[in-house]
Amino acid sequence: MASIKSENVDDFDSILDSHLPANVLSEVKQLLYGSNTRNLGVPDDVLLKAAVEQFDVKIFKFDAKKEELRPPRIVRVGIIQNKIVLPTTDSILSQKNALYNRIESMITAAVMAKVNVICLQEAWNMPFAFCTREKHPWCEFAESAENGPTTKFLQKLSKENRIVIISPILERDECKGDIIWNTAVVIDTDGTVLGKHRKNHIPRVGDFNESTYYMEGNTGHPVFQTAFGKIAINICYGRHHPLNWLMFGLNGAEIVFNPSATIAGLSEPLWSIEARNAAIANGYFTCAINRVGTEVFPNEFTSGDGKPSHKAFGHFYGSSYVAGPDGSRTPGLSRIRDGLLVAEIDLNLCRQVKDVWGFQMTQRLELYAKSLNEVIKPDYEQQIIKSLTGLNL
Ligand SMILES: NC(=O)NCCC(=O)O
């Protein structure tokens, strides 16, 4: 049988649906995803809009126990994955405007699905051009986090619909020498900018030449207190760093969004594990969002691997999902199509799971703080006990 190309493989859930007999399907899905997510189905008006405008919509619910002293704290999060709309050779303004139109209609669908907090993908208003290492014209996509056109565009949608929007963009810090950052802007329900977070860990892998454009962030690990819980953003490559996830948890986050841009052949085996594991380890919900599609650039670039130069940056495989603190997760969105994934969550689940597992109580921060303080010293010696037989490999 001929093998199918990665960029043609759709979401794993529909592959399971079409290949597994009904009597084993639900058992297999419970083993894969945990038993705490229910598919709520999508209202007809949302389905119709999504069908006309060609994106997928999935809505799931995570259950929590009913408590006597606390009312449920129900929040609907919406995560959006999308392709760029126009070729990268079009003008910057038209590329941005086309993305604004696309995202406006997907946010409208999210609002129809009663979403409270929406997070877009990393650098959502531009192609992921950092592979090229060219400064011109891509740096022109950078804009002010507080007053730029993208923030202004989303402020209107936030205010009109009383929703929180997380907008990951390329930031131009106009007050500090015009330097560039990879930043997530948090826009509150009244349209004000609640704050921003700058990406802490910058990749130096494959064609992710982001360190050519911006430095490691200087905003620490902020948690934003909103009408829909305490939220934080761990931008893309930060998901490989457990301490980055940890700090958002220590600062009280209940939902951590992970807006990303990553490609098949590099990170796919890691994708379904990392954000899910972070949810378990830190007792919060995580929302992993990846771009989708293949982006082609005008000039060839090399990958430093001896292979021929090329113009395409691999296949962004989407597969966005939400994971709960109890280890359950939703199925992913498509690997190849635009999509909106909505999850109805009860924030009370975070404390309920902490009470059961006790990870926060047993985590021994003081032990690790002491050890790490030693490890960072230049003369630190690894704590290795050597065998006296001399047979040390
Ligand atoms: N955008 C970004 O940081 N990508 C790096 C690759 C990865 O983390 O999978």
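Visitor: Which residue in β7 stands opposite V186?

Guide: In β7, G195 stands opposite V186. The model is predicted, with residues numbered from 1 along each chain as its sequence is written; local features need pLDDT of at least 70, side-chain atom pairs count only at pLDDT 80 or more, and totals for chains, interfaces and linings use all residues. Side-chain values use heavy atoms, leaving out hydrogens and water.

Visitor: How do you know that β6 and β7 pair?

Guide: Two strands pair if DSSP finds at least two bridges between them. β6 and β7 have five bridges, in the antiparallel sense, and therefore they count as paired. Their hairpin has five residues between the strands, and G191 takes a positive phi near 85 degrees there.

Visitor: What is called a strand, and what a helix?

Guide: Both are DSSP runs numbered from the N terminus: helices are H or I over at least four residues, and strands are E over at least two. Helix α5 covers residues 149-161, and therefore it meets the helix cut-off.

Visitor: Which strands make up the open sheet of eight strands?

Guide: The order is β1-β2-β15-β3-β4-β5-β6-β7, with mixed pairing. β1 (37-39) and β7 (193-198) are called edge strands, as each pairs on one side only. On average, neighbouring strands of this sheet are turned by 25 degrees against each other, direction ignored. Within the sheet, β3 (residues 74-81) and β15 (residues 339-346) pair in the antiparallel sense over eight bridges, and G78 has V342 in β15 as its bridge partner.

Visitor: What lies across β5, β6 and β7?

Guide: Helix α5 lies across β5 (164-173), β6 (179-187) and β7, at about 165 degrees to β5. Contact means heavy atoms within 4.5 Å. Axes are lines fitted to C-alpha atoms, for helices over the stretch in contact, and angles run from 0 to 180 degrees between N-to-C directions.

Visitor: Why are β8 and β14 said to stand at the edges?

Guide: The open sheet of five strands has the order β8-β9-β10-β11-β14. β8 (224-226) and β14 (321-323) each have a single partner strand, so one side of each is left without a neighbour in the sheet. Strands β9 (residues 229-233) and β10 (residues 255-260) run parallel, joined by three bridges, and A232 has V256 as its partner in β10. Helix α6 (residues 242-250) lies across β9, β10 and β11 (285-290), at about 145 degrees to β10.

Visitor: Which residues surrounding the ligand are the closest?

Guide: They are E122, K199, C236, H240 and T262, out of 14 residues that surround the ligand; a residue is near a molecule if one of its heavy atoms lies within 4 Å of it. The shell holds seven nonpolar, three polar and four charged residues. Ala, Val, Leu, Ile, Met, Phe, Trp, Tyr, Cys and Pro count as nonpolar, Asp, Glu, Lys and Arg as charged, and the others, Gly among them, as polar.
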